[in-house]
2 protein chains.
Amino acid sequence: GVLKEVIFFPTKVACVEHVFMPAYQCPCLLQHGVETSFARLLRHILSANSTLDLCVFAFSHMDLSRAVLALHARGLVIRVLTDKDYAGITGSQIGLLLKAGICVRSDSGAVHMHHKFALVDGRRVITGSLNWTMTAVQNNKENVMVTEEPDLVTPFVREFQRLWEANDPE
Amino acid sequence: GVLKEVIFFPTKVACVEHVFMPAYQCPCLLQHGVETSFARLLRHILSANSTLDLCVFAFSHMDLSRAVLALHARGLVIRVLTDKDYAGITGSQIGLLLKAGICVRSDSGAVHMHHKFALVDGRRVITGSLNWTMTAVQNNKENVMVTEEPDLVTPFVREFQRLWEANDPE
Ligand SMILES: [Zn+2]
Ligand SMILES: [Zn+2]
């Protein structure tokens, strides 16, 4: 069947190094060999082959920015739409993404651009209550839904395109 | 096919009185006869026949509490799980729900109970980025997904039951 998955947070705390580098024997003190909610989320993001469109209110989690930067280094086309007020906050990863040459736009129209969704290759949506922050991943009760159901993905693809064009700085 | 719908916000501003009372000729100054995002959300909530399980971080929107109170008055079984910190905030509708005799539990374990989902009759999930507040509905860029796909609904039913039991005050 078509991919339909729901992931709940907070995640168990465990090392996610194997998600980035499967062959690496990590010497860190966290637990290894555990597939956590956060590892599953990372795998869905890293499954991208051509594009990643990201529309997130808050983005401060360093492993999530590592994932986005890894996709960028692989040559994928990445577009990031974020909230104008949150982008400048301490710990925000947006500056790092910009510095790496990733295309970022800030939503200036709404009180808050409060979405938290990602589109993988334009055909898989990752969406829910989870902001891309440490607190959300490790402390909060949160949900993330991942699906390739066209009836659910297509509206997000259209909304991303609409918001992306509406926030063209030129 | 199975219900699969995505609703985006902010909503257009228009009267939603017809959602509550179809036959009533509303004299208010807002636009009438328009089916807005917010009207669609209300209709999904009001479609409940037997139960409504609600798991929301912030609940201050008066029309949303009107909908929940209407279901309660119809005799439906309602359970509300909310964030311990938000429940006491100015404008919160939680006190009103309690006063009406609706069963409410506050999550005391997490830094934040950050979910924003509702289960209609245990078989339709309404979930997304949208808190049940005026700002979210009228000002923010937000999304709400509504589906009856069992693979997506069942995990939310289980998570609600788990959180509900975990926050039993007795
Ligand atoms: Zn490690
Ligand atoms: Zn009216």
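Which residue in strand 4 of chain A is the bridge partner of Asp83(A)? It is Asp107(A). Keep that pair in mind while I walk you through the rest.

Some ground rules. This is a predicted model, where local features need pLDDT of at least 70, side-chain atom pairs count only at pLDDT 80 or more, and totals for chains, interfaces and linings use all residues. Residues are numbered from 1 along each chain as its sequence is written, chains are lettered from A and ligands numbered from 1 in the order in which they are written, and side-chain values use heavy atoms, leaving out hydrogens and water.

Let's start with chain A. Seven strands make an open sheet here, and the pairing is mixed. The order across the sheet is 1-7-6-5-2-3-4. A strand, for us, is a DSSP run of E with at least two residues; a helix is a run of H or I with at least four; both are numbered from the N terminus. Two strands pair if DSSP finds at least two bridges between them.

What stands at the edges? Strand 1 (4–9) and strand 4 (103–107) of chain A do. Each has a single partner strand, so one side of each is left without a neighbour in the sheet. Neighbouring strands in this sheet are turned by 15 degrees against each other on average, direction ignored. For such angles, axes are lines fitted to C-alpha atoms, for helices over the stretch in contact, and angles run from 0 to 180 degrees between N-to-C directions.

Back to our opening pair. Strand 3 (residues 77–83) of chain A runs parallel to strand 4 of chain A, and five bridges join them. The pair Asp83(A) and Asp107(A) belongs here.

How do the two chains relate? A rotation of 180 degrees, with 0.0 Å of shift along its axis, superposes chain B on chain A, with an RMSD of 0.0 Å. That is the relation of a two-fold axis. And 100% of the contact residues of chain B recur in chain A, so the same surface serves both copies. The superposition is by least squares, on C-alpha atoms of residues with pLDDT of at least 70 in both copies.

On to chain B. Seven strands again form an open sheet, in the order 1-7-6-5-2-3-4, with mixed pairing. Strand 1 (4–9) and strand 4 (103–107) of chain B are the edge strands, each pairing on one side only. In chain B, six bridges join strand 1 to strand 7 (residues 142–147), and these two run antiparallel. One example: Glu5(B) has Val146(B) as its bridge partner in strand 7. Helix 6 (residues 150–166) of chain A packs on this sheet, touching strand 1 and strand 7 of chain B.

Next, the interface. 31 residues of chain B are in contact with 31 residues of chain A. The buried area is about 2,800 Å², and carbon and sulfur atoms give 66% of it. Buried area means the accessible area (1.4 Å probe) that two parts lose on being put together, summed over both.

What about charge? Six salt bridges link chain B and chain A. A salt bridge is a side-chain nitrogen of Lys or Arg within 4 Å of a carboxyl oxygen of Asp or Glu. Look at Lys4(A). Its side chain meets Asp151(B) at 3.9 Å, N to O. It also meets Glu149(B), at 3.6 Å. Over all chains, the structure holds 24 salt bridges.

Last, some backbone details. The peptide bond joining Phe9(A) and Pro10(A) is cis, with omega about 10 degrees. Pro10(A) sits in the loop between strand 1 and helix 1 (17–20) of chain A. The bond from Phe9(B) to Pro10(B) is cis too, with omega near 10 degrees. Finally, Asp121(A) is not a glycine, yet its phi is positive, near 55 degrees. Find Asp121(A) in the loop between strand 5 (116–120) and strand 6 (124–128) of chain A.

How values were computed. Contact means heavy atoms within 4.5 Å.
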